[in-house]
Amino acid sequence: MSAALRLLTADLWRWAGAPDQAVERYHAALGAAPAGDLAFHGWAAMVCGDWALGLQGGAEQRRPAKDLPVTADLGSADRLWTRSARLYRRARCRRGVAAALLRRAHVARLRGAAADRSGFLHEAETLAAEAGEGALHALVQVHSWLDRIEDGTDVPDTVCASVREWGATVGNAGWLQGLSALVSAQATRWSSAGEAPRATQAQHVADALVGKSAAGAARHCAEGARHQLSAAVLAEEELARCEAALAQAREQDRDGDRHRLAHLDARMAGLGFTDAAVALADPDLLALAADRSERLLEAAPQRAQPRPPAGPSAEDEAEQPDFDEGAVASPDGARAYAAYCRARAAAMAGSDERAQMFAQEALDRALGCGDSMTIVSTLVLLRRMDEARELVDWLEASKALDPWLLTSLRLLLGQAPEAARAAPGLDAFTQAVEDRPWELPRLKAEVAASNGDHFAALGLGEEALAHYESHRARLARDVLRSSVASDAAVMSLYHTALLSHLALDGVTREGTGARAGGPGARAAFALAERVRSGFLDSVLALDVARGPAEQRAVRSWLRADSRWSAVYEDQVARLRRRGSAGPADAAAVVVPSPGAADLRERAERELAEAERAVRQVAPAALTAWRGADRVTAEAVAAALPPGVLLLQYHLFGEDLVAWAVTRERLRVARTRQWAVAGQGLARRFHSWCSGLGGARSAGADLAELLLAPFAQELRDHQRVLLAPPPALFLVPFQALPWDGGVLGDRRTLSYLPAASVLTRRPPGLATSVAWNALLVADPATDPAARMAPVPGTAVEVHHAAALLPGADELTGPRATLDAVTRAAAGRGILHLATHGTVDELSPNRNHLVLAGRDRLSVGDLYGLSTDAGPELLVFSGCHTGRGTASGGDVLGLARSALVAGARHAVVSLWPVDDISGCLTMIRMYRHLAAARPRLPHGPGPGVAQALAEAQREVRAMTAAERNAEYAALAAEADRPQPAGDGRGTVRDSGPARRLPPEHPFHWSPFIHIGTQEATA
């Protein structure tokens, strides 16, 4: 046997899992080789290097470090491949040197040594070309292309074409397929990590190598990009496909093998859809999944069934119920969990009656199917903690819970010692949470914190935060970062670290009132800010874009990102409607629609093209957030204008933490407050203020929670900035009872989505256009849309235009999307007074209605300007301040205004009375116009004060005075007068409500979002 054959055999034995046999044959090969055969010894060294890496083809396939075995020895592999290259050089074997350098480049890649990696690949490419080794040359080129993509550089189509041409002529088509598979595998890895732009470009390269269509690339990346809704969309499509196949099989082979196999496929697809609905905790999707799964069970093929095992005796059943941890996957379990989700949503909406009703339904259904997890969750929601603890005790005794679930439940139930007893078993889950490496230290940190070991909790928390924030930094798309931030485990991670910092500072729930904040309170403030400052990611992308071309590219990218997400949101909204319609509609067989996939592919292509354009003209925008400095309490305090008070709040789990910050000091208060009840309290007060029921008394409770700890600071400050968490963002602070009146009586308030906004220094508009206004109102909508007329919006823009010289109005049929988009560029003020659609579950589907069938979407807002964004953006036509709570910032039209570049925004928290809204807006612009001499750089710094004064004036008016003033203004604008009793309408909601004139509904729907102050 020749030396070469012996070496090949040794290599086969090594990868077959017989290292001893491999070593024996390796030495036999060396003994049989001629002493002076340098090329053979170079090959032998290369083979040993491959063994040291521990993964067959690991270097050639560019496998990541996590794929390597724990025994991998990079140092030994690199030394052996270095020796191999040296021996091949002495043998003048260019091909061998190139193969060794390709491997050394991979070691450099794994070590993060980019310069060495590029150097090795460049030399390997040159040597392979000189040796005429087209296959190796193509492989080296592919490695280089993937490195370029990882480094943020485009790969031109021309280079792909040259390799493809080689494969089609002198090369090997099979080798091309292999190269395409290699690139596609890397695209999948990037896609799974949420790095959609890299995945998109890599798949484009993979398909270009073998001539696939761009649509195929788009499908791969859209489906793998880990959009939070993609699993539900794709699982339902697969279920629909299987249902259609089942219907055909039943017709052609009833009760035969084909029918049974099709039924099995459909059942598995149904379970997949149920899993996706459970992950989203979406009650309508859960109902849809339950109905369709039940229909499949009822339509099972007829066949002889084995006798079921004997059930428990009546005595056994009486002793304990039969609980099943996986029962939620059954139709009854899915319905039980859906009822729990509805109960929780009702509780957070402040509807205790509905919450009780749905909770009882959840318990009844869960008891019927033995769904222990839903029972425990519902008992906690009802605050029946003793019953929940008894059930968990029984489940633990029955060994029905794994250590991870048991530890989590003990923490949820406030049983710290019991959680600590269960925690040693958590290490067994290291592999299970490998793709979410922050989960294990996060749960351990919670156990440590609950048992009072806050030093250990902080150490584990910092480890978990490092893992999570490293993962988040790799997510290139805004919607992906938002979705991962909204994860309850991620929120809990920040919360645990935050409370540990406070505890080490001596701040506990048992403390009374506010106290001076030390290092722990400041560190906790910074952590709370890190949770909510994610919305600044997209804003920072605009900040680094200089000049019209860069701004235009970045805005197009943000618009495409929003539209991409809106496609998924729209498809899930359709599924929700079917789920809420009831079993008859849900169970109907649906033929998969190719149009849905086409829409996703088109959105993905547009986004990929937009990302490519940004890489070409403003590459820093794609990663602007990665280099952003973490905001500290000290930096925020230094950025506060003199005499301004900042109140920031954090609400999660069982705690409300609040900070009062001025330039001179920071004080902190921690209160026991269940977050679900706190959000319900906020919604009840919001509902009362909007005239839709609720409870006025909720305002006093909120004032006690949110304002009373800082009574001294509020007495000393008339200018207040508010940074509430998403759960409290709808609270109209100006209407909270305070000091014998309401907080807005003598204080000017502004909201901040994050205190980090204070430290931002965006590029400003030119002074010459800062007051240049575009005002859009009362568009002539398509009659089929049945939009109620809102003449007050036309009245307000008519008079606002008179106060703003050079302003342009777009009303009636002129208010089209094209007209608004063209006229908005370069404006300092954009005033949009139209109907709007706000879906709290689908923020990117939100839009304002324009003339005909046109609408201005969230994505369209991002593209309204080609330069710096508007100084002031006003939404006065609908409840535009609402949005989806997502990990610390509110996703809605209000957020979109700031992402679009606006430095100030005025939005409404509920549908606005047409008359009162008109009067408030006109008076706000009057005050702004009066202040213009001291606002040379634009209206922004004066907006908060102007709005506050306008609200106080409207609040002081009687109903008769408001109607009379509006009638006079409408006559001047040549607009119709209110009919009948003069009540007018509510924008988006029909006839105005009969409420006392001093009621907050009339005067306090609008809030200001922004920070800059007017200078004297």
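I began at the hairpin that β2 and β3 form in this predicted model, and I noted two residues between the strands, with Gly 653 in the turn showing a positive phi of about 60°.

Are the faces of β2 covered or open? I checked the strand, residues 644-652, and nine of its nine residues are buried. On one side I listed Val 644, Leu 646, Gln 648, His 650 and Phe 652, and on the other Leu 645, Leu 647, Tyr 649 and Leu 651, so that both faces are covered.

I moved on to the open sheet of three strands, whose order is β12-β13-β14 with antiparallel pairing. Because β12 and β14 (855-857) stand at the edges with a single partner strand each, one side of each is left without a neighbour in the sheet. For β12 and β13 (residues 847-849) I recorded two bridges, and I saw Gly 836 opposite Leu 848 of β13.

Last, I turned to Thr 834, which lies in the loop between β11 (829-833) and β12 (836-837). Thr 834 counts as buried because its relative accessibility is 2%, under the 20% cut-off. A polar atom of the Thr 834 side chain lies 3.2 Å from the backbone oxygen of Val 849.

How values were computed. Residues numbered from 1 in each chain as written. Predicted model: local features only at pLDDT ≥ 70, side-chain atom pairs only at ≥ 80, totals over all residues. Heavy atoms only, no water. Helix = DSSP H or I, 4+ residues; strand = E, 2+ residues; numbered from the N terminus. Buried < 20%, exposed > 50% of the residue type's maximum accessible area, 1.4 Å probe, protein only. Polar contact = N/O pair within 3.5 Å; in protein donor to acceptor, adjacent residues only side chain to side chain. Pairing = 2+ DSSP bridges.
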